[in-house]
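Reader: I am new to this one and would like a friendly walk through it. Could we look at it together, one question at a time?

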2 protein chains.
Amino acid sequence: MPRALDFFFFVGSTYTYLAVNRIGDVAAKAGVPVRWRPFSVRAIMREQNNSPFTGKPAKMNYMWRDVERRAKRYSIPFRSIPPYPVDPDELANRVASLSSLEGWCPEYTRSMYRCWFLENQTPGDPEGLRTLLRQLGKDPDAVIAKANSQEIRGRYAGETDAARSLGIFGSPTFACGSEIFWGDDRLEDAIEWSRTYDD
Amino acid sequence: MPRALDFFFFVGSTYTYLAVNRIGDVAAKAGVPVRWRPFSVRAIMREQNNSPFTGKPAKMNYMWRDVERRAKRYSIPFRSIPPYPVDPDELANRVASLSSLEGWCPEYTRSMYRCWFLENQTPGDPEGLRTLLRQLGKDPDAVIAKANSQEIRGRYAGETDAARSLGIFGSPTFACGSEIFWGDDRLEDAIEWSRTYDD
């Protein structure tokens, strides 16, 4: 029986755009359940002095070209390079954390990435966030208040601790038990690992 | 007609172990000619303040596990984590540069990686290098003298300049004209790009 896959991600990671759009279909076809687990990769990267793109223009240029090529390969729309970096206060990520508690994380995250990549909106911008939440049938004030509560801040920090304990340093990362797979390009490997996992 | 693929690599890059063992078969099957082009990724990384693993134990641990898993997937032998980092004076790389001029780069590089990954020898160690060169039917003194000559130092620096001009920041990188693909896991994408290239 396939083991569940933990999908650790950060709204603001660029390659996560691909994973957010692919994981649903890929996992469903393989019969692998997925848990969406937003965490602060930014906090972990700071702790580890791991800054993959800031101050590294060659690597940054390549990353955008690679994301564009990969999106094309998967028939995922890509218009132009969106705002970056985003979500300085991690509000969009705390909303993701709340949504993962309440069961609406996949639709929220996909919508947020669509707004970011295709409509040049900036995750974390309160006005765009309110509009998006209304489109999802949510009460923006209530959601934002909860996302700023100690409960959700604690949940988000706890998920970041869980990621750190697993040795996670980047987003997206797929975890099957203690086995971790970093990068959208390892999604299939992670699914395969989950499918063949034998407790 | 397929366009030639430039295989930019550094002896000392870990993922390059996979590419060195895969590129011959993958390219031959696709009918894509390959040019082996050793360069100093270390010089470029220093310039760009890009240190992917040093001081980053979580990322380093993951990298070795990922290399091991990937090697298994491709039936490439992997015994245990080899010495790292290696080739401090880049002598093994200058020999690679010489070999690329003289036409024996693939066999040299594959042998060097085999000694490094499977026999725990350190690329750049003069004694191991001499033994390996003798096994390839070369005169070690003559090869090392040439590798230390101004001509080969200039060639190696020139290839590093070429890589930098293309926006290359890591090893292995596959280039088809100005289109670059970073990482062993992009080899198939690069081959596909070369096959469908239309001048």
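Reader: Is the crossing in which helix 1 of chain B passes helix 9 of chain B left-handed or right-handed?

Author: Keep in mind that this is a predicted model. Helix 1 of chain B covers residues 16-30, and helix 9 of chain B covers residues 187-195. Where helix 1 of chain B passes helix 9 of chain B, the crossing is right-handed.

Reader: Are helix 1 and helix 9 of chain B roughly parallel or roughly antiparallel?

Author: The axes of these two helices in chain B are 11 Å apart, and the packing angle is about 30 degrees. Angles under 35 degrees count as roughly parallel. Helix 1 of chain B is therefore, relative to helix 9 of chain B, roughly parallel.

Reader: How many nonpolar residues does the contact of helix 1 of chain B with helix 9 of chain B have?

Author: Helix 1 of chain B brings Ala19(B), Arg22(B), Ile23(B), Val26(B), Ala27(B) and Ala30(B) to the contact. From helix 9 of chain B come Leu187(B), Glu188(B), Ile191(B) and Arg195(B). By class, there are no polar residues and 3 charged ones, and the nonpolar residues number 7.

Reader: Turning to chain A, at roughly what angle do the axes of helix 1 and helix 9 of chain A cross?

Author: In chain A, helix 1 spans residues 16-30 and helix 9 spans residues 187-195. Helix 1 of chain A passes helix 9 of chain A in a right-handed crossing, with Ile23(A) and Ile191(A) among the residues in the contact. The axes come within 11 Å, and they cross at roughly 30 degrees.

Reader: In what order do the 4 strands of the open sheet of chain B come?

Author: The pairing in this sheet of chain B is mixed. Strand 2 (34-38) and strand 4 of chain B each have a single partner strand and stand at the edges, so one side of each has no neighbour in the sheet. From one strand to the next the twist averages 25 degrees. The order of the strands in chain B is 2-1-3-4.

Reader: Which residue in the turn between strand 3 and strand 4 of chain B has a positive phi?

Author: Strand 3 and strand 4 of chain B run antiparallel, joined by 4 bridges. Ala175(B) stands opposite Ile180(B) of strand 4 of chain B. The two strands of chain B form a hairpin with 2 residues between them, and the turn residue with a positive phi, about 60 degrees, is Gly177(B).

Reader: Where is Asp87(B), with its positive phi?

Author: Asp87(B) has a phi near 55 degrees, a positive value in a residue other than glycine. Its place in chain B is the loop between helix 3 and helix 4 (91-102).

Reader: Which residue does a cis peptide bond join to Ser171(B)?

Author: The omega of this bond is near 0 degrees. In chain A, a cis peptide bond joins Ser171(A) and Pro172(A). In chain B, the residue joined to Ser171(B) is Pro172(B).

Reader: As by what kind of axis are the two copies related?

Author: Chain B can be laid on chain A with an RMSD of 0.0 Å. That takes a turn of 180 degrees and a shift of 0.0 Å along the axis. The copies are thus related as by a two-fold rotation axis.

Reader: Which element gives the most to the side of chain B that touches chain A?

Author: Between the chains, 14 residues of chain B are in contact with 14 residues of chain A. Helix 3 (57-73) and strand 4 (179-182) of chain B are the elements that give two or more residues to this side of chain B. The one that gives the most, with 4 residues, is helix 3 of chain B.

Reader: Why do the copies meet through the same surface, and what percentage of interface residues is shared?

Author: The side of chain B that touches chain A divides into 5 nonpolar, 6 polar and 3 charged residues. The copies meet through the same surface because the interface residues of chain B are also interface residues in chain A, at 100%.

Terms used
Residues numbered from 1 in each chain as written. Chains lettered and ligands numbered in written order. Predicted model: local features only at pLDDT ≥ 70, side-chain atom pairs only at ≥ 80, totals over all residues. Axes fitted to C-alpha atoms, helices over the stretch in contact; angles between N-to-C directions. Parallel < 35°, antiparallel > 145°, perpendicular 65-115°, else oblique. Left-handed = near helix turned anticlockwise from the far one by under 90°. Contact = placed C-beta atoms within 7 Å. Nonpolar A, V, L, I, M, F, W, Y, C, P; charged D, E, K, R; others polar. Least-squares fit on C-alpha atoms with pLDDT ≥ 70 in both. Pairing = 2+ DSSP bridges.
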